[in-house]
Amino acid sequence: MSIYVVLSRSSTVLSRTIRLATRDEYTHAALALDADLELMFSFGRRRASNPFVGCFKRERLDDDLYRGMDRLPGVVIEVPVSARQREVVGARVAEFLLDSHTYAYNAPGLVTGLLGRGSEDDRRFFCSEFVYHVLRDAGVCDLGIPRWKVRPQTLLQVPGTVVYRGDLKRYRAADLDAAPVPALALQGAGGLFATSRAGVSLAL
């Protein structure tokens, strides 16, 4: 059983600014429940044209934000989990989806975190905060640092295997040297997700 941490670096002004400030290779993080990255979630901009208003959302590599980019450098990390851990991960993601109106993008925390003076807010997250929050809550990993200190680059320390590195716009799970991924049913999420290589349904 596996889940996937997806790190990327877009060509947006915000991404370039973060990279300039941190010297990090990757500036965005998402959590995927399947190898095809069809069920991939994170905190990001609500609309591609507005970097200042963010939300919790399901992400796709063909989103408006990425569509006009020639390349999307990134890495996909396969993280092994137990049945119980995957159930908890699914349940946490479902909670974020069902209560998405109560969560906001943690833009202030992103800035103060870069300055080394961050804090945690249970209703505000930036992308890597969300990914680490779910992983730690499910008992998948504990990096021994506060949530607000976790940048996308930090998530390279998550115990797992890099199964893809390169242009995410060319990513195809079928090309990975891995066993086929069986149909995924996350009972802990109340049947909210169901996916297989043949297709995906989101029962919302």
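In this predicted model, the side chains of Glu 95 and Arg 92 meet in a salt bridge, with an N to O distance of 3.3 Å. The two residues are 3 positions apart in helix H3, and are therefore separated by about one helical turn. Glu 95 is partly exposed at 37% relative accessibility, and Arg 92 is likewise partly exposed, with a relative accessible area of 23%.

Arg 92 also forms a salt bridge with Asp 137, at 2.3 Å from N to O. This pair links distant parts of the chain, since Arg 92 belongs to helix H3 and Asp 137 to helix H5, 45 residues apart. Asp 137 counts as partly exposed, at 39% relative accessibility.

A further salt bridge joins Glu 129 and Arg 147, whose closest N and O atoms are 3.1 Å apart. Glu 129 lies in helix H5 and Arg 147 in the loop between H5 and strand S8 (161-167), so this pair ties together parts that are 18 residues apart in sequence. Glu 129 is buried, with a relative accessible area of 0%, and Arg 147 is buried at 2%.

| Salt bridge | N to O distance |
|---|---|
| Glu 95 and Arg 92 | 3.3 Å |
| Arg 92 and Asp 137 | 2.3 Å |
| Glu 129 and Arg 147 | 3.1 Å |

Val 5 touches, among others beyond four places away in sequence, Leu 31, Val 75, Ile 77, Val 131, Leu 135 and Leu 155.

Leu 37 is found in the loop between S2 and S3 and counts as buried at 4% relative accessibility. Its phi is near 60°, a positive value in a residue other than glycine.

As for the cysteines, Cys 55 is buried at 10% relative accessibility and Cys 127 at 6%. The count of disulfides is 0.

Notes: Residues numbered from 1 in each chain as written. Predicted model: local features only at pLDDT ≥ 70, side-chain atom pairs only at ≥ 80, totals over all residues. Heavy atoms only, no water. Disulfide = S-S within 2.5 Å. Buried < 20%, exposed > 50% of the residue type's maximum accessible area, 1.4 Å probe, protein only. Contact = heavy atoms within 4.5 Å. Helix = DSSP H or I, 4+ residues; strand = E, 2+ residues; numbered from the N terminus. Salt bridge = Lys/Arg side-chain N within 4 Å of Asp/Glu carboxyl O.
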